[in-house]
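Please examine the sequence and the structure shown below. The explanation that follows treats aromatic side chains and then the arrangement of strands.

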Amino acid sequence: MLDAKSKKTKPQYELLPIKFRSVSFNKFGNCLIDKVSFTIESKGITILLGPNGAGKSILMRLLHGLELPNSGEVLFRGKNANEEIRRKQAMVFQNAVLLRRTVIENLSFVANLQKDRKIEKLKELLEEVGLSEKQHLKARQLSGGEKQRLSLARALVSQPELLLLDEPTASLDPYSVQMIESLLIKLRKQNTKIIFITHDLNQARRLAEDVIFIHKGKLEAFQSSQTFFENPESKFASAFIQGKLIF
């Protein structure tokens, strides 16, 4: 899927803005996202940063339509999140959730839903994530890093316009981290928009075109990567970069 030949056939999408319009989200009486507004127009990788409990995962779930805001709007390609919009997206969670099937069958299940039964594409994806030799192994027998690489490959079967990643490399072995990062760099060159949650500042520096920083459910900074790390527009972001506790 990611070789030169595939690049010629992969659909090319014009990235339309991803918008949060005064979005708030409450749960059990707690305000988890508080009147957040931003517009993402950049291609490539947007990194979502913030301390634990800042609301990063909730914001990601709102983007994907897994949660609905109590007020405000979340727009992708000019539309509110619905089943049709979600088909243009894929999300990979921190903890891999796999089918009780073989490695290749985890991919073919999604391919069948997409009515695309070209097994060669699936094998190319497995090669990209270093799992070719394990395609007939039960997915749940894989290591943690291998499971996450399979989750990413499965997300890519549908060739999403928007790829959402919620700490996909947390606690993984260095080989898996390097392989996932290399794959993301290839994808951003192929017009796939990526939004990525991480706590690893070095990883953010390596990958990000721009950075969104949230704290206590509020948007504190949205800047280009270079500007964010050199001159963050939020005192909380500055403290976070310096490794200080944020209250």
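F228 and F229 are both buried, where buried means under 20% relative accessible area, exposed means over 50%, and partly exposed lies in between (1.4 Å probe, protein chains only). The model is a predicted one, in which local features need pLDDT of at least 70, side-chain atom pairs count only at pLDDT 80 or more, and totals for chains, interfaces and linings use all residues. Residues are numbered from 1 along each chain as its sequence is written, and side-chain values use heavy atoms, with hydrogens and water left out.

F228 and F229 belong to one aromatic cluster together with F213 and F240. A pair of aromatic rings is described by the distance of the centres and the angle of the planes. Rings of Phe, Tyr and Trp (its six-membered ring) pair if their centres lie within 6.5 Å; planes under 30 degrees apart count as stacked, over 60 as edge-to-face and the rest as tilted. By this rule there are five aromatic pairs. One of them joins F38 and F222: the ring centres are 6.0 Å apart and the planes stand at 75 degrees, so this pair is edge-to-face. Because F38 lies in strand 2 and F222 in strand 10 (residues 218-224), the pair ties together parts that are 184 residues apart in sequence. F38 counts as buried at 5% relative accessibility, whereas F222, with a relative accessible area of 25%, is partly exposed. For F228 and F229, the ring centres are 5.1 Å apart and the planes are at 85 degrees, so this pair is edge-to-face.

Helices (H or I, at least four residues) and strands (E, at least two) are DSSP runs, numbered from the N terminus, and two strands pair if DSSP finds at least two bridges between them.

N26 has C31 of strand 2 as its bridge partner. In the hairpin of these strands, which has two residues between them, F28 takes a positive phi near 50 degrees. Strand 1 also runs antiparallel to strand 4 (residues 71-76), joined by five bridges, and I18 has F76 of strand 4 as its bridge partner. F76 in turn stands opposite K79 in strand 5.
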